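Good morning. I have one structure for you today, and I will keep to a few parts of it. Please look at the picture before I go on.

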Amino acid sequence: MWTLKKMNTTLIVNPKGGSGKTTVAINLASYFAATRAATTIMDYDPQGSSLNWLALRAPQAPPIRGANATRQKGTRLRSMAMYVPPETEQLIIDAPAACCGVALQEMLERAKCIVIPLVPSAIDIHATGRFIKEVLLTAKMRSRNVPVAIVANKVRRSMPAYRPLEHFLESLELELTARLIDSDVYVKAAETGLGLFEMDLALSVAERKQFMPLAEWVEGNSGSALGARRAEHQLVRSLDEPGRVVELTALRQQRLVK
Ligand SMILES: Nc1ncnc2c1ncn2[C@@H]1O[C@H](COP(=O)(O)OP(=O)(O)O)[C@@H](O)[C@H]1O
Ligand SMILES: [Mg+2]
């Protein structure tokens with residue numbers, strides 16, 4: 001089931017807790033669900049934050065399937081709840097903090113692209129740098145050529161640019177794909193089972209605009225033909241939903257506003 005060509009698997013990973021893995025995972029999932037892509041979140045974290053968020057979703061919200069990849073305590077077994085529907089087009093894996101060993105290898109092998117949310121602070125940069133060097137920049141991973149996106153998260157309005165982060169990215173020859181501001185909108189989304197792209201547009205314009213480069217990056221890695229077809233299909237389908245037309249059109253226009 002994992003090797004189906006149309007399934008794009010995005011791993012959200014960073015050994016540092018609180019860096020925004022779950023936040024990025026649920027908002028990416030909600031973005032894809034809003035574009036009517038068949039979307040599944042796979043939660044490897046025993047805390048089950050993504051699956052808890054999923055349980056809060058309203059029944060009429062665009063569907064997102066959940067897969068529980070945690071091992072049962074004291075065993076190597078996993079439950080039937082790990083099942084990923086084969087029709088899934090976008091599979092988002094939410095990794096736990098401090099993941100290592102077999103579980104990490106399994107997630108890395110499945111990933112077609114990797115997203116690393118990173119809080120711009122000296123402590124977080126240090127921890128993430130070690131992980132990137134020891135895990136992602138190994139000869140084996142390099143030979144697989146899996147694209148990696150770095151997302152600065154919880155960026156403070158008073159400090160939009162952070163020189164140590166820029167140095168860090170330059171030294172590893174990595175680029176910043178998106179910059180997400182520290183905002184209550186993410187906290188609200190997590191509490192209510194919603195994603196940025198399902199919230200009141202007026203309240204989430206800045207956050208959507210900042211998130212779009214990441215969504216587009218993942219979409220681009222899914223194969224541009226699938227992404228383009230999906231966008232076209234969505235705009236046609238939403239003609240009978242005036243609110244959604246306005247919302248999605250605004251969303252796409254925001255990409256052009258830098
Ligand atoms: N950009 C952001 N702005 C404000 N709060 C955020 C942002 N990103 C994450 N948070 C909050 O920070 C906490 C940790 O984020 P989370 O996504 O759970 O991190 P992780 O999964 O890496 O441990 C959560 O309470 C989340 O709502
Ligand atoms: Mg988490």
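A definition first: a helix crossing is called left-handed if the near helix is turned anticlockwise from the far one by less than a right angle, and right-handed if it is turned clockwise.

By the definition I gave, the crossing of α1 and α2 is right-handed.

Which residues meet there? On the α1 side they are Thr22, Ala25 and Ile26, and on the α2 side Ser49, Ser50 and Trp53. That contact divides into three nonpolar residues, three polar and no charged.

Now ligand 1. There are 17 residues around ligand 1, and Gly20, Lys21, Thr22, Thr23 and Tyr186 come nearest. By type, the shell has five nonpolar, nine polar and three charged residues.

Last, confidence. The mean pLDDT of the chain is 84, and 81% of its residues reach 70 or more. Two stretches stay under 50: residues 232–246, with ten contacts beyond four places in sequence, and residues 253–258, with six such contacts. Where pLDDT is low, the predicted coordinates should not be read in detail.

Note on methods: Residues numbered from 1 in each chain as written. Chains lettered and ligands numbered in written order. Predicted model: local features only at pLDDT ≥ 70, side-chain atom pairs only at ≥ 80, totals over all residues. Near = placed C-beta within 6 Å. Nonpolar A, V, L, I, M, F, W, Y, C, P; charged D, E, K, R; others polar. pLDDT = per-residue confidence, 0-100. Contact = placed C-beta atoms within 7 Å. Helix = DSSP H or I, 4+ residues; strand = E, 2+ residues; numbered from the N terminus.
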